[in-house]
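Please read them with the sequence and the structure side by side.

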Amino acid sequence: MITRKEINGGHSVVSTTMLGLAIVASLCVLAPRVSYAGDIVGVVNDPALQRFVDGATVTTDQGNRRAVTDRWGRYSFRGLPAGEYTVKADFGGYETQSVSVTVPQTGEVALDITLTSEYLDEVIVTGTRLSQLLALQRKRAAESILDAVSADTVGKLPDFNVAEAIQRLPGLSVEIDQGEGRYTVIRGIDSDLNNVTIDGNLVGSPEGSGRRVALDVVPSDLVSIVEVVKAITPDLDGNAIGGNINVVTRSAFDSPEPFGVISARAGYNDKSGRNPYGASATWGSTLGPNDEWGLVLAGSYYIKRYDTELVEGLDWAEFQPGDFAPGNLRLFEYDIERERIGINANLEYRPNDTTLWYLRSIFNEFTDEEQRDQLDFDAARGDQTPLSSTVVQNEDGRASREYRQNNQTQQLNNISIGGEFDFDNMTWGASYTFSHAEEITPLRIDWEYRSGGGAFPNTVDVSNYYWQFDAGPAINDPANYPFRRVRRRTDAIEEDINSFKTDLRIDRDFGGRSGYLKFGLKYAERDKFRDRENTDYEDAVSFTLADTGLYSSGPSNFFDGRYELGPVLDFAGHEAFFRSNPAMFEFNDDGSAESSIASDYDIVEDLYAGYGMISVDFGSTTVLGGVRVEYTDAIYIATLIDFDDPFFDPLNPGVPVQDRTNYIDYLPSLHVTFRPRDNVIVRAAWTNTIGRPDFEDVVPVFEVEDEAGQTGNVELEPYASMGFDFSYEYYLEPSGILSIGAFYKDIDNPIYTERTQNVTYRGVDLLSLSQPQNADSGSLLGLELSWEQQFANGLGASVNLTFVDSDVEVFGRESDDLTFFGQADTLANVTLYYSFGRFEARLAANYRDDYLAGIGGDVTEDVYWDEHTQVDLKLTFDASDSLSIFGEVQNINDESRKEYQDISSRLLADEIYSWTALVGMTYAF
């Protein structure tokens, strides 16, 4: 059970807690131990695959000692009595190897062990099959419930970023942004409630709205392994209700041999007719006379220019009893260019088997340049007259024609320095990490022309799924659109995290049972700010879009001919017109000042954490338990603006306001792993986690755009979750798994966005106001089924299904059956692959059920993302042992992204972006 309480003078409390943990750790270190003399150290490797074996179990025949190899295949037994030993190494899919060794009275003996696959002659170990084997190794050796995807898996699917790569794991889905996966959702839990790390270290969020990390920023080419821990252990951050996503970069010590890969690709996007292209390169090698240095250098570049088209039917409302129609209709055409740059440099120094120093760095930049044409039609103005059950006549309608140029660059950078040291029966590690994340918008310009309030009487017809509206030819006449405003905006959002952590592991015997104690301390300082600058202009002289002549006909086949976008603005011409005619524009100093300050904030958040845990082997059963303590102290600074003040001064537009919150959390957990047979693992876990509110949810900002308001809520409580997990894993031969998992989470204080319509807030009349609120409680109950199998004839399959049932209680909606926010009832992945000689084919389908995205005043106003299915294909031909040629197609089935209001027939949004095909080559050396 989580215990949380507000702390005054909390530093003294947390200092006492940390001191207590330090004392306990010291006592364990200094406690009397039997004095032994000899050590066995070594590496377990697979020479056929030229890889170390990660997660192999190594045991001794005396003393019941057990070790598990790390990512570099290393294991050690410290402090053994002198004598003869038989050391056995075992891992699924490999023949068990036993080796005899003599331990001396003093010093250490090196014992490397070679494992041979039992089925290597039966199975064609191509990239796809190898990647599956590596992922299963990671899962099988884990102390907790997790899934993983390896670098080869990432490379063998048409996945351009980390978010899309891991969506194929059980229980995972992604939120789609203009045709690309961006945010990872674990078991239907909001992506803001995931903890994301790179090489085990915290990562900043480049966005101003929340804590979630947009994983589309990280190119998949730079990744070695991605781990998704669904039931966290005490040595992981507690802010992980969804789970912990750890992106592991490459190490030169990952392979016994130097490695290098060069890849290039180019393609075609069906919607735009444009050609994306990219390239990547990775090189790694050990250096020095004794191979004590390791260096990895990697780079990735990808650029994609494409089009999307979006239609929105907002604010569905009842026009006669039982019949609904949208009141606000919007059409968008996007011209998008996205560029990704990734650089990774890792330097490691391992002078001996007991010492590792490292300097790891990763730089990721994602640039998104968007050109957007828009028709915004406020159709339901004035009186409404029903013409039938599906057609309504609106007395008045107002429309605006707009253009937006939005250039934005995100960066996600980490640099870590640290070391890991083995001595006697202890392993100690310490590190410092600097993480920098930013989202810079150097250019955002919005031109807008808007008609009069009653310019376009109209009818709206909802008899078909794609609703239609008829406002006559006048709605496409540029003369009916007087100039309203031009807004120029820049944004800077930056977040810096300085974190220090240290971990100490002590291997010990517990009454003849092997195990370990582990303790750690962590401090993280997070500084984040958002700064916006607006310069808004209105008309000094009245003129219309027709008067400027700066427009052209819209696309002839917009949204496959279902809608007519009408005239679109000439952006370059308007910018030249603005520069040439300054007297026609008047600077809006009040509006500019308000918009510039309303959303700005500064945040300083300090995190102090400590943990203690113990793991003991009871033969076939391992029990791991412990507790993590986290103290959070945060200061939020923003500006309150009285928009209704008649004496508003644009030079002094608001009053700074500061809020502070601090609290302490005790997060116990227990994990049990039972191995009744070599190929069966049963796991159970009880965990407690928290979810700190998003930054934008708690800072007292207030933003208004197009009469829609958005504000924070400083009274929000953090999420608090208790979870129970169970899994049964049956490992198949020659390489595969059949597993079933069940999970339950009880979540207090879930946060949702309440959207109310036609309200007045801080003196401003709004069509809608969005504000985060705490719900009472929520829960999720789910089932995960997974099957992966490789066959000797070259065929293989991977299928996983996730079923989730949830409910949440929201104030004012207690009688409604609401699901947890962002939770899909069903998730499914099906992957089929076939290898024959040098040829390999892989077909993958991903399905996500619909889910609740936003809550309104009643059930008729609730917003859902519709179900989504996407199919991808990749073909590979190995022209030689080094050269591979591939072709891939993403979104073969031309799936779009849809939203609806209340019921699926009430189309709220539909965005189409079509399929993308690429061809390329990979050369390994």
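**Notes on strands, salt bridges and surface charge**

1. Strand β21 (residues 323–352) and strand β22 (residues 355–386) pair in the antiparallel sense over 23 bridges, where strands are DSSP runs of E with at least two residues, numbered from the N terminus, and two strands pair if DSSP finds at least two bridges between them. The two strands form a hairpin with two residues between them, and Asp335 has Gln371 in β22 as its bridge partner.

2. Before going further, please note that this is a predicted model, in which local features need pLDDT of at least 70 and side-chain atom pairs count only at pLDDT 80 or more, while totals for chains, interfaces and linings use all residues. Residues are numbered from 1 along each chain as its sequence is written, and side-chain values use heavy atoms, with hydrogens and water left out.

3. The strand β22 also pairs with strand β23 (residues 391–423), in the antiparallel sense and over 28 bridges. A hairpin of four residues joins β22 to β23, and the bridge partner of Pro386 in β23 is Val392.

4. Strand β14 (residues 194–198) is mostly covered, five of its five residues being buried, that is, under 20% relative accessible area, whereas exposed means over 50% and partly exposed in between (1.4 Å probe, protein chains only). In a regular strand the side chains alternate between the two faces of the sheet. In β14 both faces are covered, with Asn194, Val196 and Ile198 buried on one side and Asn195 and Thr197 buried on the other.

5. As for the neighbours of β14, this strand pairs in the parallel sense with strand β17 (residues 243–249) over five bridges, and the partner of Val196 in β17 is Ile245. Two bridges join β14 to strand β15 (residues 201–202), and these two run antiparallel, with Ile198 bridged to Asn201 in β15. The hairpin of β14 and β15 has two residues between the strands, and Asp199 there takes a positive phi near 55°.

6. The count of salt bridges comes to 51, a salt bridge being a side-chain nitrogen of Lys or Arg within 4 Å of a carboxyl oxygen of Asp or Glu. One of them joins the side chains of Asp237 and Lys522 (2.9 Å, N to O). This pair links distant parts of the chain, since Asp237 is in the loop between β16 (223–229) and β17 and Lys522 is in strand β28 (residues 513–539), 285 residues apart. Asp237 counts as buried because its relative accessibility is 7%, and Lys522 likewise counts as buried, at 11%.

7. Another salt bridge is formed by Glu309 and Lys271 (3.2 Å, N to O). Glu309 lies in strand β20 (residues 293–320) and Lys271 in the loop between β18 (259–269) and β19 (277–287), so the pair ties together parts that are 38 residues apart in sequence. Glu309 counts as buried at 5% relative accessibility, while Lys271, at 25%, counts as partly exposed.

8. Asp446 forms a salt bridge with Arg404, with the closest N and O atoms 2.6 Å apart. This pair links distant parts of the chain, with Asp446 in strand β24 (residues 426–450) and Arg404 in strand β23, 42 residues apart. Asp446 counts as buried at 5% relative accessibility, and Arg404 counts as buried at 13%.
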